[in-house]
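User: Good morning. I have a structure to look at and would like to go through it with you, please.

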Amino acid sequence: MVVIFFEQSGVGDTIIYTNYLTEFANKYGPVTLLVKKSSRADQLFKYDESVKKIIFLDRGKNGGKHAGFKGAFTLSKEIKNSGNYEAAFLFSSSLRYRLIFSLAGIQKIYQYPLLQKKDDVILSAKLFTEKCLNKIISTESRIKIPTNLIEKAKNKYNTDSNSTNIVIGGGGSGDTKIWPSKNFLGLCEKLQKQYPCRFFLAGGPKDSFIDNFLNSPLKESCLSLKDLNISEIMPIIANADIAICNDSAFMHIAAALNKKVIGLFGDTPRVYSSWTKNISIVEAPGLEGKTKHDSLSTHLIRLEDVYSKALELLK
């Protein structure tokens, strides 16, 4: 058995790394995963037999039990007590974590080059995994869900072929990544005139776009998913025809469920979608292929461009 550490472990990062995790599990058997709680790994991998155990890293700006010198020893003991590992694979260039895994008694530790500066997160992970496993690895990740749960969600939420089922991921990790709610509403009103649509609003309790939809003329065609957790939402997304999302966790989740996804990129480089063929990017006019961090252009993405892309994917 081996243990894998993802240092960058938001939901999107964890999904990007999922196929690499699967490849390690194919060789060594089910793995133990060390990630931040923000990864939602317990929900993403709830049905994935590649993951045997998850250790959540408790270390942040406000401290935590794994922070500091004492926390390093605490974490090393947790790793040591969690299993007998023949190797550790660290998707990280941190010396701190190399020492922690060494203190845990693991003899074979593989990781990114020490103190490597941040670069292409997807390419670095791919090259590292290929070097460790001595084989070519696809970047395409897939989330595993039992077929019976997908069918159960289809029956419960009536996601049949009589309607066009569209996931709307109108939230995001920051205001600069969020397309205005009025644009999403205008888009969905245009789509509703073309197809008998149902809109599944994928977001959390704090995502204001959900209330905007539920208080609009489209409310009868909408279903809020804000009270469900990710493992409950995934079977619903698996029944959708397309997803239209800001650069967000639900964009990556939908793509990993092999759905056609429109990703709205106005403040993130498109490299973050390059792990999959399922995400079609729409950017602001004049910034196609040039969007980067701090482009601050999400609000400039044209409704007509997103609408045209949606019609193309729904053909």
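User: Which residues form a nonpolar patch on the surface?
Analyst: This is a predicted model. In it, L95, L99, L114 and L115 form such a patch, and together they have about 420 Å² of accessible area.

User: Where is L95 found?
Analyst: L95 belongs to helix 4, which covers residues 95–103.

User: And why does L95 count as partly exposed?
Analyst: The relative accessible area of L95 is 42%. Partly exposed residues lie between the 20% limit for buried and the 50% limit for exposed, so L95 is classed as partly exposed.

User: Changing topic: what is the strand order in the open sheet of six strands?
Analyst: The order is 8-7-6-9-10-11, and the pairing is parallel. Strand 8 (222–224) and strand 11 (279–282) are the edge strands, each pairing on one side only. On average, neighbouring strands of this sheet are turned by 20° against each other, direction ignored.

User: How many bridges join strand 9 and strand 10?
Analyst: Strand 9 (residues 242–246) and strand 10 (residues 260–264) pair in the parallel sense over five bridges. A243 stands opposite V261 in strand 10.

User: What about the whole chain: how many helices and strands are there?
Analyst: The protein chain has eleven helices and eleven strands. Its radius of gyration is 20 Å, close to the 20 Å that the globule rule gives for 315 residues, so the chain is as compact as a globular protein of that length.

User: What does the C-alpha trace span along its principal axes?
Analyst: The trace spans about 60 × 45 × 40 Å. Of the 315 residues in the protein chain, 53% are buried.

Key. Residues are numbered from 1 along each chain as its sequence is written. This is a predicted model: local features need pLDDT of at least 70, side-chain atom pairs count only at pLDDT 80 or more; totals for chains, interfaces and linings use all residues. Side-chain values use heavy atoms; hydrogens and water are left out. Patches are made of residues with over 30% relative accessible area and no salt bridge: like charges are joined within 9 Å, nonpolar side chains (Val, Leu, Ile, Met, Phe, Trp, Tyr) within 5 Å. Accessible areas come from the Shrake-Rupley method with a 1.4 Å probe; for residues, only the protein chains shown count as cover. A salt bridge is a side-chain nitrogen of Lys or Arg within 4 Å of a carboxyl oxygen of Asp or Glu. Helices (H or I, at least four residues) and strands (E, at least two) are DSSP runs, numbered from the N terminus. Buried means under 20% relative accessible area, exposed over 50%, partly exposed in between (1.4 Å probe, protein chains only). Two strands pair if DSSP finds at least two bridges between them. Axes are lines fitted to C-alpha atoms, for helices over the stretch in contact, and angles run from 0 to 180 degrees between N-to-C directions. The radius of gyration is taken over C-alpha atoms; the globule rule is 2.2 Å times the number of residues to the power 0.38.
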